[in-house]
Each structure stands twice: as structure tokens, then as C-alpha cells.
Amino acid sequence: MKTFAQLLVASAAALAFTGAAQATPAAVPVAQRAIQGSGYVTTKDGVQLFVKDWGPRDGQPVVFSHGWPLDSDSWEGQMIFLASKGYRVIAHDRRGHGRSSQPWDGNDMDHYADDLAAVLDAVNLRGKKAVLVGFSTGGGEVARYIGRHGTSKVAKAVLVASVPPLMLKTASNPNGVPMEVFDGLRKAQLDNRAQLYKDLPSGPFYGFNRPGAKVSQGLIDAWWAQGMLGGHKATYDSIKAFSETDFTADLKKFDVPTLVVHGSDDQIVPIDISGKASAALVKGAQLIVYEGAPHGLTDTHKDRLNQDLLDFIQR
């Protein structure tokens with residue numbers, strides 16, 4: 001069976017692909033956005049972030065941060081479930097991803113964290129603290145947000161199949177993923193981004209490369225569509241952000257109840273260097289391991305994750 005690195009390198013093809021830039025609508029006032037359920041927040045450096053704001057206005061806020069190279073649509077299974085239970089659910093497309101604008105610079109974890117802060121400021125939490133939920137790269141965003149902005153607006157935190165504390169193999173992180181894997185990912189993106197975004201969900205992301213796996217073409221197509229909507233430069237830069245950022249110091253600043261969920265068969269973000277390591281760094285964190293689950297467990301194990309999120313939030 002091919003390794004993750006081999007799958008990434010093999011995905012490169014002869015044709016290069018450049019994603020088309022997306023025009024971004026003008027910013028929508030917060031009051032209007034609250035009525036419409038979606039709109040735009042403008043950051044201090046002029047980036048417009050697309051935001052979904054669903055559920056009852058007076059509900060407990062649950063704020064979601066998505067993975068690479070996806071957008072807030074990847075959280076819809078969790079958002080519609082929690083909104084139906086009376087929670088206010090909020091998610092944004094990361095800068096350069098989805099329907100947000102595509103800045104050339106600032107595609108790094110510090111900017112991602114500050115963008116999340118801008119979203120929390122703009123949506124008006126109505127005096128309530130939010131539950132922050134991050135998947136994969138989004139878990140890094142949540143960790144860096146707490147590291148930079150603290151927990152004055154945070155009730156609880158959830159890290160799902162998340163990249164902290166550090167993915168990259170270094171002298172101090174000898175069990176990490178070798179740089180050659182991420183270099184291969186970058187090469188594949190430059191060579192043929194469209195094909196790469198077919199190969200990942202068709203294989204290791206959802207575990208569809210495992211014997212006996214029940215393949216969903218719908219999930220593959222949705223993953224591809226979300227990825228291709230993002231900017232070529234932003235999604236390229238984000239590979240460095242999610243792989244080389246060290247979140248150890250950020251995790252040590254967590255002082256709210258924290259849940260860590262990870263699949264034991266995660267081929268993208270191996271559990272030993274991520275979920276288990278993060279749970280060990282966050283004081284009092286609860287770790288739930290989904291045996292045999294792949295990286296994309298928000299879809300493959302949607303019902304279980306929804307219930308685990310609800311139970312943790314209600315505690």
C-alpha cells in the first residue's frame with residue numbers, strides 16, 4: 001500500500017492548474033447579517049471573511065473553524081444538528097478560502113487567529129462565551145487564538161483531528177511527519193491542484209483507500225468543490241501554516257474545559273503526534289479516540305461526533 005507521501009507525490013500530473021479568483025461582495029452590516037444568517041466581516045487589514053450565523057440569536061454560541069483547503073460548508077453536518085438543538089452556530093471561511101477574499105499575504109496562523117477574533121467581535125456574542133470547535137488546520141487556528149487572545153470569550157474548546165501541537169518532524173519532534181511529505185504536497189498543488197483535490201478525498205482523507213471502505217462520490221465531489229473555490233496562493237501557503245507551526249505554548253495556555261477527538265486511523269494527521277500529544281499538554285483535557293476512524297471523521301462518523309459535541313457542550 002502506498003504511503004501518504006507517495007500518494008501526494010503520485011498525484012502530480014503534467015497539466016498545471018490555476019484557480020480562478022472569486023469576486024467578493026461588499027461587506028454586510030452586522031444587524032442585516034444576523035437577519036439573513038450570513039454575510040461578511042472585514043478585518044483590520046481589509047480582508048473580507050464570509051460568515052454563517054445560524055440558529056436562535058439567544059442560543060449558546062458554538063463557533064467552528066474548518067480544515068484545509070475547505071470552507072465553512074464542511075461543518076454543515078454539525079451546525080444544522082446543533083442549531084436544531086437550540087444552539088447559535090457560527091462559522092467563517094478562512095481568509096483565502098471559500099467565499100472569503102483572497103489576500104496575497106497573511107496566510108499564516110497568527111492572521112488566522114486574529115481573523116477568528118474579528119469574527120467573534122463582529123457577530124456580537126450577546127454577553128455569552130463561545131464554544132470553539134476546530135478541525136485539522138482549524139484546530140491550530142483555535143489553539144493560536146487562545147494563545148494570542150486568551151479565553152475571555154471562550155467557554156470551552158474542542159479539537160477534532162487537529163494539527164497541534166506540531167506536525168513537522170524536527171529534532172525536538174522526532175516522530176513528526178518528514179518535510180518531504182509537505183514538499184510533495186506543495187509540488188502536487190502547483191503541478192495540478194485540481195487532481196490533487198480529487199486524490200486526497202478519494203484516498204487517505206476519508207480512508208477510502210482502506211480495504212472494504214464504503215466510498216462516497218458525493219463526499220469526494222464536495223471536498224473538491226470546496227477546495228477549488230479557495231485561492232491557489234492561500235491554500236498553497238496554508239500548507240506551511242498547518243505543518244510547521246508549533247502550538248505547544250498555545251496549548252499550555254488553555255484554561256477552559258477541552259475535548260480532543262481523533263481517529264486512530266488518521267492517515268493525514270497521525271494521532272500519536274497530534275490528538276494524544278495535545279490532550280497531554282492541555283490540563284484536564286478529555287481525549288476520545290474513534291477506533292478505525294479516518295481524518296475526515298466529521299463526515300464518516302458524523303452522528304457520533306454530533307452526539308459527543310452535544311454531550312460536551314451540555315456538561
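Which residues are buried in α12?

1. Helix α12. The buried residues of α12 are L305, N306, D308, L309, L310, F312 and I313, where buried means under 20% relative accessible area, exposed over 50% and partly exposed in between, with a 1.4 Å probe and protein chains only. This helix covers residues 302-314, and its end C-alpha atoms lie 18 Å apart, in agreement with the 18 Å that its 13 residues should span at 1.5 Å a residue. The expected span is 1.5 Å times one less than the number of residues.

2. Basis. This is a predicted model, in which local features need pLDDT of at least 70 and side-chain atom pairs count only at pLDDT 80 or more, while totals for chains, interfaces and linings use all residues. Residues are numbered from 1 along each chain as its sequence is written, and side-chain values use heavy atoms, with hydrogens and water left out.

3. Overall make-up. The chain has 12 helices and 8 strands; these are DSSP runs numbered from the N terminus, helices being H or I of at least four residues and strands E of at least two. Of its 315 residues, 57% count as buried. Among contacts between residues at least 6 apart in sequence, 76% join residues at least 24 apart, a contact being heavy atoms within 4.5 Å.

4. Helix α7. Residues 217-229 form α7, which has 13 residues and reaches 18 Å from its first C-alpha to its last, close to the 18 Å expected at 1.5 Å a residue. Its buried residues are I220, W223, Q226, G227 and M228. Their cover includes α6.

5. D93. This residue is in the loop between β4 (88-92) and α4 (109-123). D93 is buried, with a relative accessible area of 0%. Its side chain makes a polar contact with the side chain of S72 at 2.7 Å; such a contact is a pair of N or O atoms within 3.5 Å, where within protein one must be able to donate a hydrogen and the other to accept it, and residues adjacent in sequence count only if both atoms are side-chain atoms. Leaving aside residues up to four places away in sequence, D93 touches L49, F50, H66, D71, S72, G98, R99 and S100.

6. Lining from α6. Helix α6 (residues 179-202) gives the largest share of the lining of the largest cavity, 3 residues. A cavity is a set of points on a 1 Å grid over the protein atoms alone where a 1.4 Å probe fits but cannot get out, and lining residues have an atom within 4 Å of a point.
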